Amino acid sequence: MSDEREERDDSAAGRFGAHTYQRAQGENNVSISDATVAVSDELAARDDMIVCRDVDKWFGDFQALSGITATIKEQEIVVVLGPSGSGKSTWIRCINRLEAHQNGQIIVDGIELTNDLRNIEKIRSEVGMVFQQFNLFPHLTVVDNITLAPIWVRKKSRPEAEELAASLLERVGIPEQAEKFPGQLSGGQQQRVAIARALAMEPRVMLFDEPTSALDPEMIKEVLDVMEELARSGMTMMVVTHEMGFAREVADRVIFMEGGEIVEVGTPHHFFTDPTEERTKLFLSQVL
Amino acid sequence: MDDAPGTRGAASAGPAGPVDPAVTDVAAAAAARARPPEETYRSAGEWIRKNLFSSRFNSLLTIAFGLLILFAARGLLNFVFSEERGWDAVRTNLRLIFTHAYPEEQYVRIWVCVGTLVVLTGLSLGLFARRGEGVQLKKISTVMAGVGAAIALGVILREPSVLTGADGAVVRENDDVVRQSFFEAMADRWVWWLAAAVLIVAGVVLRRAVASSKVSISSVPAVEFAVALLAVPVLSAWIYPWGHFAFVDGTFIAEPGRTVAMSTKVPWTVMWLLVVAAMALGRLMRRGFDEQQQQRMRIPLNLLWLGSPFALYWVILRDPHLEWDRVVSVDIPMGVLFGVIGAGVLWMLTRPGIGELGRIIAIVLLGVAAFNWVAAFFGWYSMLQKARLSFLLLALVALAAHNFAGEIVKRRRLVMAWLVLMAIVHYFATLMNAPSTVETPTEALIGGFAVTVIVAVFTIMLSFPLGVLLALARTSRLPIFRVMATSYIEVIRGVPLITILIFFAIILNLFLPVGMEISLIASATLGYTLFSAAYLAENVRGGLQSVRRGQFEASDAVGLSTTQRTVFVVLPQALRVSIPPLVGQMIATFKETSLLAIIGVFDVLRMANSVIPAQTQFLGIKREGLLFVSLVYWVFAYTLSKQSQRLERRLGVGER
Ligand SMILES: Nc1ncnc2c1ncn2[C@@H]1O[C@H](COP(=O)(O)OP(=O)(O)OP(=O)(O)O)[C@@H](O)[C@H]1O
Ligand SMILES: [Mg+2]
């Protein structure tokens with residue numbers, strides 16, 4: 001297993017280039033219980049990237065997540081939908097330990113999230129995250145934003161990291177903004193820098209928490225285009241969004257949450273045309 | 001919306017043609033936005049009417065406060081220029097005020113120090129002062145005319161009580177103060193009238209020229225202008241008979257009709273030339289370098305700034321006497337030993353696979369280093385102070401070593417940095433231990449304003465890192481750090497500074513183990529540092545709290561460790577926000593050094609307050625000295641605060 005990963009970790013560019021769009025439609029439409037059964041004897045199956053089992057999370061007396069169980073396979077694109085306050089952000093933030101869950105298991109790429117700092121460090125360097133508010137470092141230039149972690153966490157040399165940053169900026173379509181400060185960029189450009197910053201760590205999974213919600217309508221597309229390209233290159237992605245178009249076209253699976261629980265899981269086709277649950281129907285009638 | 005008619009007018013006034021009016025409107029509006037509407041006044045009268053006499057109540061206020069200011073100015077003028085003032089006491093004692101008893105024949109050392117700082121300043125200005133920052137010619141003209149008017153007003157305001165001859169000497173008809181007629185007095189002050197007239201005329205002419213755009217430039221570079229202005233006092237020392245005042249062998253020489261002594265004007269001229277040369281060099285370097293090389297130049301220059309106080313004080317001013325036997329047999333071997341062993345340890349600690357073991361070794365080292373100091377305190381075993389210090393430094397560097405693990409280049413860089421650090425530390429430690437060869441009649445090497453500056457600079461340099469560490473500890477998640485930092489800060493803030501100073505000056509030596517003694521100035525600096533750090537910590541804490549949560553989350557999400565997050569993301573933002581209060585604290589520290597007089601240091605205040613008034617020639621003359629000292633303090637504090645405002649603007653505090 002480790003050999004396999006070594007090979008893949010060679011370089012971000014190489015990895016993204018080598019993997020073609022090769023996801024079998026429908027294959028991933030496994031019900032939650034099936035997935036759970038499949039990995040019950042091992043920590044997780046080989047191509048399971050994120051495994052959550054009975055995850056509970058409380059904020060004081062308030063239970064934000066209850067019994068979340070789901071598996072995300074390698075190279076899968078999962079969109080999480082749900083009304084405000086349903087716990088989407090909380091869940092996604094538990095996956096790289098920005099919040100600590102209290103019960104259940106979260107296993108990322110075969111590593112279980114526990115209080116062990118080393119595991120947390122390892123998982124954080126495998127998981128990239130993009131925030132609604134971009135959260136770029138305002139005192140650093142775009143290049144320095146991107147190269148900071150590769151230099152200090154991945155221990156890359158500066159020229160190497162800068163080369164990587166340049167190629168990533170090229171990829172997200174803003175190579176000319178390298179020397180600017182975040183405050184000098186538009187929202188859409190900032191979010192694309194944030195994506196480049198996350199990609200610079202060469203993550204195996206990317207988490208997106210409403211990446212377009214703070215953007216003006218005309219900038220949403222440029223960010224979604226980058227995300228779509230990323231999806232096509234074979235990245236495993238978990239996306240919280242209100243962009244139904246993106247969910248319909250790019251997602252392999254849609255997970256619908258409400259009140260801290262997973263209500264329904266299915267392919268976009270199933271989800272948007274023929275939902276089973278009443279609550280899903282109600283939600284769709286409100287947003288579509 | 002307001003300017004819509006205006007812009008439409010502009011559009012129609014332009015060349016007519018089949019232009020879409022909406023497009024032109026937008027363009028015009030954009031042009032209007034590019035230059036914000038300025039509030040302009042047609043004449044000085046209009047300005048006065050609008051700003052000073054806009055309503056009956058405002059007029060009343062203007063008149064009342066105007067009178068108040070006039071009376072205050074008159075009082076001050078009459079005080080400063082009264083012929084009863086003993087300004088000779090200040091003029092003659094300038095050397096005493098600035099350096100106290102530093103020996104005359106070694107005075108070149110003082111000038112080397114000043115010169116070094118002047119060169120560094122010039123280089124920094126030349127390399128980094130922004131081109132964009134210029135002084136508007138309009139503003140210069142206003143200031144010139146304003147100063148001229150103020151001089152004229154001053155001449156009128158000053159009581160006509162004395163008659164001053166053309167040579168500047170006081171002419172009296174008898175010993176009593178003579179009341180001249182007003183007009184006679186006015187006529188006698190023709191030099192001042194001339195100065196006022198020249199300034200006003202020059203100001204008005206300049207203003208006209210700028211307004212009619214006869215002069216093609218509208219502003220001059222601020223830095224160059226300031227340096228050029230400095231030439232005025234320097235040149236005047238050669239030309240104008242300010243007077244030749246000196247104490248020679250305890251006798252007082254005052255020769256009013258002559259120019260300033262060579263020992264004053266030559267060095268100052270050299271200083272001025274040095275700053276000009278350094279600035280030109282800086283500009284030249286800047287032209288030759290690209291942006292990135294300029295940024296890289298900042299590092300060595302800042303290191304020179306940081307190192308200069310140590311080098312200037314311990315090497316230049318003290319001129320230490322080295323015993324070469326001991327240096328060769330003890331000091332050099334010890335430095336080499338620490339360098340080599342430390343390098344070995346660090347090389348091992350940065351091995352790629354060392355992991356947790358590295359941290360454990362570093363913590364053990366820290367424990368041993370700390371124990372060395374505890375042992376020193378109780379006198380359990382003896383060890384050279386610099387060995388203790390080196391050990392502590394090694395432990396601290398070892399703690400940070402894991403950041404440099406991995407690549408051979410980075411490891412080598414860390415080891416090289418360690419060797420350089422050891423070389424510097426041992427060099428300075430050796431020099432500090434060597435006795436000074438500069439002999440002064442007092443216990444301290446230097447006094448006066450120099451000691452004020454030295455204590456303030458070292459206090460600021462030492463208390464800044466301490467304050468940052470305290471602030472970090474206070475906001476730490478670990479309760480032990482939090483409790484320690486909080487109680488330290490609260491205790492210090494609850495105790496008056498003077499108490500702390502007295503404690504350190506008088507009592508500290510009683511607590512120290514035998515054979516370990518520190519000088520009055522060093523212990524005072526220690527007291528100031530501990531005090532100032534507590535306040536700095538609170539300022540930094542404010543900055544830390546202003547850093548948004550998203551910054552922490554983003555740092556965590558890209559995998560930065562807690563230390564890396566603090567150093568690269570949180571602190572830079574927090575410090576930027578806390579610049580104004582930090583500089584405020586620095587200025588406060590600078591002014592609080594005047595308490596040194598109370599614990600018996602011959603600082604600048606003590607010169608004015610007790611040393612000069614005790615001289616037989618100037619018995620009891622106190623007020624002049626105090627006024628002069630206040631002026632010196634003010635000039636420094638004001639410069640600091642101005643610089644901090646510039647720094648704030650440059651770092652864009654408040655904009656994001
Ligand atoms: N730090 C916190 N402390 C207390 N309660 C919290 C905290 N963070 C979230 N919550 C609560 O947990 C619930 C889920 O929040 P979460 O942010 O995950 O919702 P969401 O699905 O992302 O909603 P939205 O679409 O509005 O972003 C909400 O009711 C919220 O009030
Ligand atoms: Mg949310």
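**Close-up views of chains A and B**

**View 1. One salt bridge is counted between chain A and chain B.** The model is predicted. The salt bridge joins the side chains of Arg93(A) and Glu553(B). Its N to O distance is 2.7 Å.

**View 2. Chain A meets chain B through 23 residues of chain A and 25 residues of chain B.** About 2,200 Å² is buried between the two chains. Carbon and sulfur atoms give 59% of that area. On the chain A side, the residues that lose the most area to chain B are His139(A), Trp152(A) and Lys155(A). Together these three account for 30% of what that side buries.

**View 3. Helices α11 and α12 of chain B cross at roughly 160°.** Helix α11(B) spans residues 222-239, and helix α12(B) spans residues 262-288. Their axes come within 9 Å. The crossing angle is over 145°, the cut-off for roughly antiparallel, so α11(B) is roughly antiparallel to α12(B). The crossing is left-handed.

Definitions and conventions. Residues are numbered from 1 along each chain as its sequence is written. Chains are lettered from A and ligands numbered from 1 in the order in which they are written. This is a predicted model: local features need pLDDT of at least 70, side-chain atom pairs count only at pLDDT 80 or more; totals for chains, interfaces and linings use all residues. Side-chain values use heavy atoms; hydrogens and water are left out. Axes are lines fitted to C-alpha atoms, for helices over the stretch in contact, and angles run from 0 to 180 degrees between N-to-C directions. Helices (H or I, at least four residues) and strands (E, at least two) are DSSP runs, numbered from the N terminus. Angles under 35 degrees count as roughly parallel, over 145 as roughly antiparallel, 65 to 115 as roughly perpendicular and the rest as oblique. A crossing is left-handed if the near helix is turned anticlockwise from the far one by less than a right angle, and right-handed if clockwise. Contact means heavy atoms within 4.5 Å. Buried area is the accessible area (1.4 Å probe) that two parts lose on being put together, summed over both. A salt bridge is a side-chain nitrogen of Lys or Arg within 4 Å of a carboxyl oxygen of Asp or Glu.
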